[in-house]
Amino acid sequence: MSRVKTWFVISALIITSMLLAACQPAAVQTPAEAEPVVLNICRSTAGDIPTIDPALAWDVISIQIIDETTVGLTRQNEVTTENELAMATSYTVADDGLTYTFKIRDDVQWVKWDAINKEVVPVLDCEGNPRKVTAKDFEYGMLRTANPATGADYAYVLGLTVQGADAYTNGENEDPASVGVKAIDDTTLEVKFLEPNVYNLSIIGLWFTHAQPSWLIDGDDCTEGVGDRWVETGFFEGYGPYVLKEWIHDSRLTLAKNPFWPGDAVVPSSSIDQIVWTTLSGSSCLAEFEAGNADVSAIPSGDFDRITTDNKYKEMLFPVTELGTEFYSFNTQLAPTDDVRVRKALSMAIDREALVKINKEGIVAPFFTHPGATGAPNPEAYPDLGVKFDKDAANALLDEYLAEKGLTRADLSMVLMFNTSEGHKMRAEAIQQMWKENLGIDVQLTNQEWKVFKVTRNEGKENIYRSSWIQDYPDANNFLMEVFGIPGAGFADVVDWNSGAAFDKFVEILKQAAKETDTAKRQQLYADAEKILVEDEAVVAPLYWYSSLELRQSRFKMEQSLTGYERYEKWTVGK
């Protein structure tokens, strides 16, 4: 065969092979599994997250996590602050305005994290069927909160609102059936309230009313009860858009997306696969953010100017407005803050305008209730309400007190205690200096880790305590009655201000306001109550209403929350 023919034959064979190969089906290419979307949140918290048990929680981070792992009958919209139906599909109110009947959705399962298979799985009942969330689970959750054996901080709220709950919590009636919460069937829950108050729907959706797993806590025919340990890694069962994956105490807590959550407009299925909370100091969180290890971080005051003027952070600055108040509470039973003149002098000697500038956050608060709460007075309508910076008046009050007691400024001994935090320390030092310069007195500072501080504060061994309040529901009643009007609840015991004519008048005004339907009259009643609290009795020194900026990686998109709580299941992810 000639070389030319050989070349043609070889060429033909090559071309034929190429054509045959092209006709063959392409090999299936398995795409690399998409990386899970992880949201890393770093929060400035000294110590561990206190709890994620709905019955026992009282702090913002704990409540935030509970709202991601369980869902209430109603749910507060983070943008409008209005109540929306969540686990409840509908409700009716009897003619008496007290009996509410809720219909509950029947398509939500209890789930848990399977560490062996590394996935979220349904919780099975004794017959091997997936456990669905029922009205009975909500009844159990509320009764567990009200049960005195549980020791729930927020049991008092049920006592204030639900028939029979107060007597049950106080041990006056040991029969849980006496509480006005009853599961009629799996999808029907009846709640009997004490008063036809406008905020009943808000309270019935709060974290301590959420469904809780009785079989896991108390045990049943096929499950060994583990008691309060049910919220720990390996035990936890929930039913929200996320479920607990891992909790390494004093370090981090991880949530995994719940694929069994039937998302809707109120509580959608999330586009974020995992949320990791890390608790560090403020400066450490910022360092983690700048290193690319955190997606959300507060901005410490010392770094505020640097961060907010650096163009590379321009798209990462996000406004954070919370319906809450930073304040100092006075111990009214311990000298010298047992005298109203001393309390007023201390409060009037604080230059709140300067404090906000130093702190790089907040809106000056002349009175306690955040004006964004329903029924609350506002500075525009009540410009003279509350406490103002007045050095001369403050000194006149203190001089009067000292002359009466035969004391000098050097004789005064007071301690301001705050929970450990860079921000709280800076704020305390600034106010300590104001008291030194404006009143000529030395106030000592001391601090404790948060969980210890919370207990110590209730013991009332110091004169002044750092305090804060973020709304549970956006109504002035939540700021005033539930914080200062109920012995044993909120800060009423912290300030030891739960008796006497002024306290009785304060409470009576708040009771009237809770039932008042005329907006202007209700606002005036709350203004009258504020005057007693921060002016006449000076039980607290309000400092500022919460408003700040924080850093968020720009690939995450969200609406601005006005409630103090995020709805992470609504966050979207871009490039």
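Let's start with Y91: its bridge partner in β5 is F102. This is a predicted model, where local features need pLDDT of at least 70, side-chain atom pairs count only at pLDDT 80 or more, and totals for chains, interfaces and linings use all residues. Residues are numbered from 1 along each chain as its sequence is written, and side-chain values use heavy atoms, leaving out hydrogens and water.

Now, the strands around that pair. Strand β4, residues 88-93, pairs with strand β5, residues 99-104, in the antiparallel sense over five bridges. Strands here are DSSP runs of E, at least two residues long, and helices are runs of H or I, at least four, numbered from the N terminus; two strands pair if DSSP finds at least two bridges between them. The β4 and β5 hairpin has five residues between the strands, and there G97 takes a positive phi near 75°.

Next, please find helix α2, residues 60-69, which holds D67. Is D67 buried or exposed? D67 counts as buried because its relative accessibility is 9%, and buried means under 20% relative accessible area, exposed over 50%, partly exposed in between, with a 1.4 Å probe and protein chains only. Leaving aside residues up to four places away in sequence, D67 touches R75, W207, H210 and R567, where contact means heavy atoms within 4.5 Å. As for E535, D67 lies 36 Å from that residue, C-alpha to C-alpha, and 468 residues apart in sequence.
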